Each structure stands twice: as C-alpha cells, then as structure tokens.
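Here is a short report on one protein chain. Keep the structure in view as you read.

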Amino acid sequence: MKEIKVGICGWGNVATGLYQAVNANKKIIERNTNLDIKINFIGARRDNPKCDPQGVEVLRDIFDVVKQDIDVVIELIGGVETARELILSAIKNKKHVITANKAVIFNHGDELFKAARENNVKILFEAAVCAGTPIIKVLQEELAGNNISKISGMLNGTTNFILAEMEKGADFEPILKIAQEKGYAEPDPSFDIDGIDAAHKIGILSHIAFGNPLPPKDFYIEGITEIAGDDFQHAKELGYVIKHLAVAKQEINAVELRAHPAFIKNTSILSSLEGVRNGIEIDTDLIGKIHITGSGAGQESTASGLISDIIHLAGCNKDYSEEVFKSSNEIKIVEFTEISFQHYFYLEVDDNPGVMALITSLVASHNIGIETIIQKDELADNQVPVFFITDLCEELKAKELLNEFKNTDVIKKVKRIRVEAD
Ligand SMILES: NC(=O)c1ccc[n+]([C@@H]2O[C@H](COP(=O)([O-])OP(=O)(O)OC[C@H]3O[C@@H](n4cnc5c(N)ncnc54)[C@H](OP(=O)(O)O)[C@@H]3O)[C@@H](O)[C@H]2O)c1
C-alpha cells in the first residue's frame, strides 16, 4: 500500500474535522485508493478540547511543521499574511501544499503558484471553493476539453441561507444571528454579507477557467444588506427569486467578474437552492450547462475536499490496471423483491357504496399501511379515480397487492409507481 506523510497546520474546525474524517473513513479510503494517509504532525499553538490527536506529535510552532519529514503541509490556519508565509516556507522546504484558504489563494495565488513551480511542488485547493463540493478539479480536469463561457452561482452559504429565510418572511438581523449561532457565518460576518467571500471564490474559479491574475484587479462586489422584505414579494410577482450571485464570464481578451444580489428566474435550477447549499452553473460548449450543488461549508464537507486533494497528490485515484482494484465476487446484488419502497397506486373503480372500504381492506390484508388516500370526482361510465401512497413496504408485497387489484372486478384500471426516498 502507498503511503503519504502529512503535517497539518492549525487545529480548529477544519483541521480537527480532517483528522476525524481520515480516521473514521480510513478503511474506505484504503479500499478506494490503496493509500494510507499518515497524519504525522499537527501544528497547534494550543490544544483543542473538541479533539484529542491521540499519538500524533503536536508542534507548538506551525513553522516547525514544514521542516519535518513529510510529503505535504496542509495549511488550515486561515487569514492571509501568516498563511502566505507558511505556504511559502513549506514550498521552500520542498513540501507540497494543500489549503482550504480561499483568501490566501485569491490574494496571493500568482505568487504562491510561481513559487511552487520554481520549487517543483504542487499547491492543491479543492476545499477553498465550496468546501468539499467538487469544482476546482472539475474545472481543471474534467472540463479541460471544453470552452467554458460562463460560471455563475451562489457561492456563499450564509447569504443563501439569509436570503432564503427572508423570502419566507424573516428579518435580516435575527436571521444573521441564527446563521452565526449555527456556525454558518464567517467569524467576521461582513465577509459573507458584503459579498467578499463569494468574490474570493469566483475570482479563483475565474482564474482556473479564464486565466485572470490572482489577485484580480478590483471588480464589482455588492452584498445583501440593502435587500428588504418587499423586494422578495416583488420578485415573486414577476416570476423571480433573489439570490446573491457571483459571475465570471468570458469576453474577448477580457473577463466579466462580479458578485452582487440578482433576480433569477424562479424556474432556474439555482433558484430552488435553499439553506447553506452552494450551487454553480457552468456553461460549456461541448456538454451545455452543468449544475453542481452541495454543502459549501462545514467540517465534514471541507474534509472531503482536503482528502480528495491528498489522494490526488499521491497519484492514487482508482487505476484499474492495478490488481488491488479488481472486482469482488463477494459483493452480491440485492434481490429486487426484497427492496422496500413507498408506492403510489392509482385505481379507477366502480362508484359503488363500500368500494373505498374494499380498497383499504385489500391493502390492509397485505399488511401494507396507507400514508395518504384521495378520491377524486367521478369520471365517465360511473368510474371514480382513487389514488394513495403506501407506507414503506417490500416490493414483493406491493406486487402481490397490484395483482390482487388487477383481479378485482370493481377495479377497472390500476397503475403503480415506486416513490424514491429522499
Ligand atoms: N469552516 C468551514 O466550513 C470552512 C470551509 C471551507 C474552507 N474553510 C477555510 O479553512 C480554514 C480554517 O478554517 P476553520 O473554520 O478551521 O478556522 P478556525 O476554527 O478558526 O481554526 C483556525 C486554526 O488555526 C490556528 N491559527 C490561526 N492563526 C495561527 C497562527 N498564526 N499560528 C498558529 N495557529 C494559528 C487557530 O489557532 P487558535 O485557536 O489558537 O487561534 C485555529 O486552531 C480557513 O482558511 C477557512 O476559510 C473553512
């Protein structure tokens, strides 16, 4: 099994989340990648009562981590200037760098990437934009054969949460407070509500897709503080919703770069995203529009992005030429008849007294519960439509019920559709 030696700098939310995810998913990571991720050092100026790093050596000076015998330094201290110094120091010590820090990449990306090139090491930053929701490597690799014309989306979970709640009638200040209590908001919430966080993220995505400098020259950034309850009502009447949108659009030898509130059509995919979810729409020439949505913040989501970078760095993405990834005959396919679903049944039945009682008793005789049942107005020929959703039941039982309905005289038509669980 391949091994990668890791040093983590910072011991806050994201760092402890990474440590816990690497340990909790150790077996899965090994099975998927044949890689053993060894966290050998943690740079923490103080202990974190929420996480015991067990036997891992803790160094009180984060700059000592970069001097150790490790392959990669994972910068998770946040902020800009010390993070820049730490990353440059890691690079000079010939260590690869992984970071979740959008601010340092946005403000010093060009300098850091140049230093990495000169020292023949890599910087990976999947978790810096939308946490674990995959977007960086999607742009860098999966879409590398496409001409991308536009990237747009809601890139800040806090503003998306606030606007979605305001749409339902909440006021700005109390809902911001809830976002802070829930841990969605940045320690300085102005980064969220003034649009700066989203601007950092779109600046980075635009750099990957269109090559603008990092940092980009000033571009238009507006937050959500001017939006009032009435605006949502007006938007609704016109067929729109209000979202905070970050946009990068390719022009001839130029990039349109902006982050501001916008009306978007209430039929668009992005319009339905609520809560802290991030959503991105990418316009490509070869596969049209692509939508990516997912949790844009949080310990676990960010850990997912960081682990993805570690695996990538180690060159351990699943490679089917390797014996270790051959399929296993021990993996059985579950019998379809044993799978449980809820089921929608639609019946057309003779409009006779007692027919509803007959249907419900037939269902009950198969030990199937009914969640909801509805009878509609009469159709032609003395027929009434009845439809219902069952409780969860095995496919086999639902099939038996279907057959019984088909063989019941008063039921003239029957149809069944399975309900997929959330
Ligand atoms: N939280 C998220 O959901 C999320 C999602 C994506 C990306 N990110 C990014 O991930 C990074 C870390 O975020 P976080 O939420 O984990 O922050 P955090 O909980 O505040 O943790 C930061 C850690 O870094 C340490 N630190 C900061 N400056 C230091 C210094 N100069 N020397 C030594 N230690 C230092 C802090 O130590 P003290 O406790 O002693 O101050 C703390 O342990 C940030 O760049 C953030 O933007 C976060």
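## Domains

Which domains does the domain assignment of the protein chain give? The model is predicted, and its chain is assigned domain 1 (2–130 + 320–324), domain 2 (136–294) and domain 3 (336–419).

Take domain 1 and domain 2. Their C-alpha centres lie 27 Å apart. Domain 1 brings 12 residues to the contact, and domain 2 brings 14 residues. On the side of domain 1 that touches domain 2, seven residues are nonpolar, two are polar and three are charged.

## An open sheet

Six strands form an open sheet with parallel pairing. Their order is β3-β2-β1-β4-β5-β6.

Now look at one pair. Strand β1 (residues 2–9) runs parallel to strand β2 (residues 35–43), and eight bridges join them. Opposite K5 stands K38 in β2.

## Helix α14

Helix α14 covers residues 395–406, which makes 12 residues. From first C-alpha to last, α14 reaches 16 Å, close to the 16 Å expected at 1.5 Å a residue.

Which residues of α14 are buried? They are A398, L401 and F405. Seen down the axis of α14, these buried residues fall within an arc of 60 degrees, so they line one face of the helix. N403 and K406, on the other side of α14, are exposed.

Several elements cover the buried residues of α14, including α13 (355–365) and the strands β13 (340–350), β15 (383–390), β16 (393–394) and β17 (411–419).

Notes: Residues numbered from 1 in each chain as written. Predicted model: local features only at pLDDT ≥ 70, side-chain atom pairs only at ≥ 80, totals over all residues. Pairing = 2+ DSSP bridges. Helix = DSSP H or I, 4+ residues; strand = E, 2+ residues; numbered from the N terminus. Domains from an automatic or database assignment. Contact = placed C-beta atoms within 7 Å. Nonpolar A, V, L, I, M, F, W, Y, C, P; charged D, E, K, R; others polar. Expected span 1.5 Å × (residues − 1). Buried ≥ 20, exposed ≤ 12 C-beta atoms within 10 Å, placed from the backbone. Arc of directions from axis to C-beta.
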